[in-house]
Amino acid sequence: MDETIGTGSLCLESEATDTLKETVKRIKNLCVGHPAKKQAYIKQGIIPTLLKLIDRRDSELTWQICGTIGILANNNVAGAEQVASNSGLCTLLSLLSSDDERLVKQASLCILGALKSVERPAKIFLENIQLLESVCSLFCNPFASASLRECTCFILTSCLENAESEQIVDWFRISNFCFEKLKSCNLRDPRTLTPYLNVLKSLTMRNREIGKQFIEHNFVELLVEVMKGVDMTLKVIACRLYTNLMNFSLLQEDQASKDTAVIIMPFLNRMLSNRDRNIQLEGCKMLTQVVAIAEIYQQQAFDCNLVHCLIELGHNINISDVEAACILLQAVAAVCSLVEECRRLVIESRLFSLVVNSLDTSYPELRIAGLSALRSLSRSVRNLRASLAEAVLMEPLLRSLSDENKQVQIQALSTVCNLVLYFSPLKNSFLESNGLTTLLNLCHSNDKSLKYYAVWALKNLLFLSGSKMKKRIIDEIGMDYIFCLIEKGEDYSFQEQGINLLRNLTCTFSIECERENILDFIDEHCYRLVLCIQDSLQSPCMEVVLQALYVVCNFVVGSERHKQAICNSKIPKLLLNFLTNPSYLIRIATIWCIINLIWKETNDINDVSNLADYRRARIASFMEMGYEEMLEGLLADSNVEVRGRAEMALQLLRDRTISDFGDENDYEQVSRGILL
């Protein structure tokens, strides 16, 4: 051990105040610019010793101790953790209520230095509510100094942005204090607004009521003025706060769109074009937040050349810089989720290589970010199939489906949902790489989220698939699995996915589909399928009902046996009630069910004879039940499509000739593939 270090530690045991002051000062000077000596003192456990020596009656000694601890803990995880783990924060926070401004400033700097060096500073306070309450009280002190306000503001914003629950402390007390301070701030010096806007920015991230109060206090004009200002830090805070208000739809849509286009997007362009990496990454974070609100903001980002800025930034970020790469890929995922032009630019640039390479890293957070970006880009598979097909995607993507990290698996499944749709060039590649087996295994996962997204991907795989593919999937997974999803689903979302599987399975509209082959294996389960539809039509969840109606539409096309099975159940009575449903989508789907049930077929898949007799009997039954009157009422419906389809159904019901209203194949079949 360095002799000076040992001597310094021994001198701290002295009872003489002057000796202590000189020793503490010497230790501080020895550590400045000497990381090795600093580390040696920390290993020796000098920080707890210094904390015990803090004496509020001797402000000079305490000031020296705070300065020394600040040097030891700043940019040193071990030193910072010693401050946090030895009741040091309680001791240091108690100094912030001192009347000695010099001491308050030194203690504030010491606390900030330690907290910024700890891995998760918010955790310390979120696990010690009493400590957090004391920070709130210090922040709300109307006579607090600027240094105290900066310190407590950092703690509060860290806690607010990391708290799982908002109801840890009375945040409305904090927001009301900020509102009062904003009213009295000197607008000639916008920096005086910083701590209050910063805390409000964090408060409004998840608290709509505080955002509403912000608007009721008429602070939006002030916010816009700050956004137009020159102070970079304050502009970032103001833009983030404004975005929070947009996120809760608290601002006038036209005004928000204009302010974003004129102020926020150009400002983001300057941030992303800045040479300072920290400013660039902060710009990425802010862009991610803004464009997630609506498609219009993604289009504005494209118009303001922000995608080009991300591409340029990608040239300077190496995949080994995990944090920076994650932030960039999250921005790519957000800006490319809805706008085709943004996706095209990214896929045709070198930035796409960063997306692909991120799938093979050892860092789960980077794999998640990369898969999230790929999911957004894969929404373009129809138009950009060549670039995606040429990329070496399938191997790492399939590995991701079996990743040890659940979030990686979920992101991979979300991407697969897009890549297996009928128009994707990677669908065959996925199947040839044994992807279906992996997908089917995940459909049986005990994890609810993995199972949900696996079923979603399976549904998309069935979308407009040929009969061979459908038969292969049913042979592998079994109809019992689909029925159990609907009958015993954990919640409505699983029931909806199960019904969607039936919807795509019963759709024979695809050119590749041989209707006879599809209906052969559906017929084996006809009775249970009808009961399943009947139960689903009585679900309190309208989305489940809508999907069940679509299954009826598909199920009865071209098959007299299926029409009879439906009409021999309670389903016709249920359909009658749906004609007055508040949802126009439900009304349209119901009318299509009626049209398909009473359509004048020229031939039948099962070679059933006397088709005309069966149809007349069905029409007579529908007339007796009151369908004609109900459909006549829909001729004055507010929705134009409902009116048109109701007229068509009435013509059929009254047995007009087919040529009066369309082609003999003008029945409706509906399949469903949804991009994620």
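Which helix does Phe578 lie in? Select residues 571-578 to find out: this is helix 38, and Phe578 is part of it. Helices here are DSSP runs (H or I, at least four residues), numbered from the N terminus.

Before going on, a word about the model. It is predicted, so local features need pLDDT of at least 70 and side-chain atom pairs count only at pLDDT 80 or more, while totals for chains, interfaces and linings use all residues. Residues are numbered from 1 along each chain as its sequence is written, and side-chain values use heavy atoms, leaving out hydrogens and water.

**Stop 1: around Phe578.** Keep Phe578 selected. With a relative accessible area of 8%, Phe578 is buried (under 20%; exposed is over 50%, partly exposed in between, with a 1.4 Å probe and protein chains only). Now show its contacts (heavy atoms within 4.5 Å): beyond four places in sequence, Phe578 touches residues including Leu537, Leu549 and Ile586. Leu549 is 29 residues away in sequence, yet the two C-alpha atoms are 9.8 Å apart.

**Stop 2: the cysteines.** How many disulfides does a search of the whole structure find? The search finds zero, a disulfide being a pair of cysteine sulfur atoms within 2.5 Å. For Cys284, the nearest cysteine sulfur belongs to Cys309, 9.5 Å away. Next, pick Cys593, which is buried at 0%; its sulfur is 3.7 Å from that of Cys553, too far for a bond.

**Stop 3: confidence.** Colour the chain by pLDDT, the predictor's confidence in each residue from 0 to 100. The chain's mean is 85, and 87% of its residues reach 70 or more. Select residues 656-667, where pLDDT is below 50. Where pLDDT is low, the predicted coordinates should not be read in detail.

How values were computed. Helix = DSSP H or I, 4+ residues; strand = E, 2+ residues; numbered from the N terminus.
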